[in-house]
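Q: I have a model open here and would like to talk it through. Could you take my questions in turn?

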Amino acid sequence: MGGNSSKITAQDQAIYDLKLQRDRLHQYQRRITHLTTRETEIARTLLSQGDKARALLALRRKKYQESLLAKTDQQLEQLEKLVSSVEFALIQKDVVFGLQQGTKVLKEIHAEMGGIDKVEKLMGETQEEIEYQKEVSEMLGGRISVQDEEEVEEELARLETELAPKAATSKVAEPVAMLPSVPDTELPEVGEGRRQEAAKLVGEERREAIAA
Amino acid sequence: MATSEGFQFPKEHSFPPFYTPQINLSTRHAQLTKWSSLILSYCRHHSIYRLSLSDATNSPSSPAYPLFNNEAINRRLSPSYVKEIVNFMKKDGRAEWYGSDKNEGGGGDVVWIYWRTPEEWAGVVEGWVEETGNKGQVMTVYELTEGETTRGSEFWGLDQELLIKAIQVLAKKGRAQTMGGEENLGVKFF
């Protein structure tokens with residue numbers, strides 16, 4: 001019976017044995033109960049036949065069997081208790097095992113982090129790196145690249161060209177249908193010298209802003 | 001319509017030709033179908049799991065006696081025709097000669113009436129195990145059929161051999177494992 005016995009543990013076997021004992025007691029009780037009812041019947045028939053002595057004997061037997069029944073009841077209770085405590089102990093074992101596993105994993109993770117000192121050191125280093133990054137940013141922020149400067153100039157020019165015709169139209173107050181006129185303002189000539197000047201200006205502004 | 005302990009017999013049961021094997025093939029088939037469903041519902045009603053055919057047809061003390069004998073119309077089913085009905089039911093998996101799975105030849109007097117097949121009982125047991133949280137528990141067959149924990153479940157009072165058959169179905173599926181001997185079998189559910 002039962003193919004592989006690997007899934008049946010020693011505890012299972014023990015519970016099974018206990019339950020078998022309980023089943024046997026159960027069956028025994030049934031037999032006794034059957035006997036007691038029969039003794040009563042025997043006593044009744046004997047009494048109707050006038051055999052008082054033997055009727056008494058049958059009743060005595062019945063009494064004795066009833067006491068047996070009470071005893072087996074107690075035993076049955078003991079067995080039931082034992083079975084349930086074994087089952088409960090098994091559950092407890094599982095819980096402890098689960099806790100053990102969890103603690104182990106937690107410990108492993110902590111070990112991987114390397115203790116409080118290491119974390120502290122790491123946090124210090126992080127702070128240092130952040131400071132360093134700030135410094136670098138500041139230093140870099142002081143100098144806008146040539147290309148950026150060109151873009152800034154271009155945008156300024158574009159804004160000017162946008163604004164100029166609007167100013168013109170508002171003066172004329174002509175209907176909306178009028179097409180935008182060609183800008184009549186001259187594009188500002190930007191020389192190399194001025195550009196650097198502007199760059200310096202912007203840079204100074206930035207520095208002030210940061211200082212503020 | 002005769003009743004037997006609350007069981008309502010169908011009209012056919014009081015119809016004399018119902019007890020005579022019909023010659024016409026299609027009528028015969030209909031008759032066999034009727035008888036088999038009657039036997040199944042009767043056995044289900046009275047929780048009969050196996051029948052001794054000679055008892056059921058001859059002995060008035062047998063619980064299945066009113067099934068094959070209708071004294072009101074003075075008709076009884078002949079044992080040979082009962083055998084034919086059983087063989088008819090066997091084709092549907094609703095009956096099995098007792099002992100035929102143990103290489104004892106079969107074709108004897110006792111027959112399993114499967115108003116629930118072992119597979120179906122296995123499903124019932126599995127559902128019960130699931131529902132009552134008995135997974136991973138060890139139980140004895142006696143406990144399952146006679147114990148206090150299963151009182152009220154459908155398989156309480158079930159024929160132990162039939163329950164063992166169902167458990168073996170579960171074991172084959174890997175949902176249970178048996179332990180101990182044939183006499184007091186234990187089972188662990190997974």
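Q: What share of the contacts in chain B with a separation of 6 or more comes from residues 24 or more positions apart?
A: Such residues account for 51% of the contacts in chain B with a separation of 6 or more, where a contact means that two C-beta atoms, placed from the backbone, lie within 7 Å. Please keep in mind that this is a predicted model, in which local features need pLDDT of at least 70 and side-chain atom pairs count only at pLDDT 80 or more, while totals for chains, interfaces and linings use all residues. Residues are numbered from 1 along each chain as its sequence is written, and chains are lettered from A and ligands numbered from 1 in the order in which they are written.

Q: What about burial, how much of chain B is buried?
A: Buried residues make up 32% of the 190 residues in chain B, with a residue called buried if 20 or more other C-beta atoms lie within 10 Å of its own, exposed if 12 or fewer, and partly exposed in between.

Q: And how many helices and strands does chain B have?
A: Chain B has seven helices and ten strands, these being DSSP runs numbered from the N terminus, with at least four residues (H or I) for a helix and at least two (E) for a strand.

Q: Let's take the sheet with S3, what is its strand order?
A: The order is S3-S7-S6 in chain B, an open sheet of three strands with antiparallel pairing, and strands pair here if DSSP finds at least two bridges between them. Strands S3 (50-52) and S6 (95-97) of chain B stand at the edges with a single partner strand each, so one side of each is left without a neighbour in the sheet. Neighbouring strands of this sheet are turned by 25° against each other on average, with direction ignored; the axes behind such angles are lines fitted to C-alpha atoms, for helices over the stretch in contact, and angles otherwise run from 0 to 180 degrees between N-to-C directions.

Q: Which residues face each other across those strands?
A: S6(B) and S7(B), the latter covering residues 110-113, pair over three bridges, with Ala95(B) partnered by Ile113(B) and Trp97(B) opposite Val111(B). S3(B) and S7(B) are likewise joined by three bridges in the antiparallel sense, and Arg50(B) stands opposite Trp112(B) there.

Q: Now chain A, how far does H1(A) reach?
A: H1(A), residues 10-48, has 39 residues and reaches 57 Å from its first C-alpha to its last, close to the expected 57 Å, which is 1.5 Å times one less than its number of residues. Its buried residues are Ile15(A), Tyr16(A), Lys19(A), Arg22(A), Glu39(A) and Ala43(A), and they pack against H2 (52-113) of chain A together with S8 (138-140), H6 (141-146), S9 (176-179) and S10 (186-189) of chain B.

Q: How many residues does each chain put into the contact?
A: Twelve residues come from chain B and ten from chain A. On the side of chain B that touches chain A, S8, H6, S9 and S10 each supply at least two residues, and the residues of that side divide into four nonpolar, six polar and two charged.

Q: Is S9(B) covered on one face or both?
A: Both faces of S9(B) are covered, with Ala176(B) and Thr178(B) buried on one side and Gln177(B) and Met179(B) buried on the other. Four bridges join S9(B) to S10(B) in the antiparallel sense, and Gln177(B) stands opposite Lys188(B).

Definitions and conventions. Nonpolar A, V, L, I, M, F, W, Y, C, P; charged D, E, K, R; others polar.
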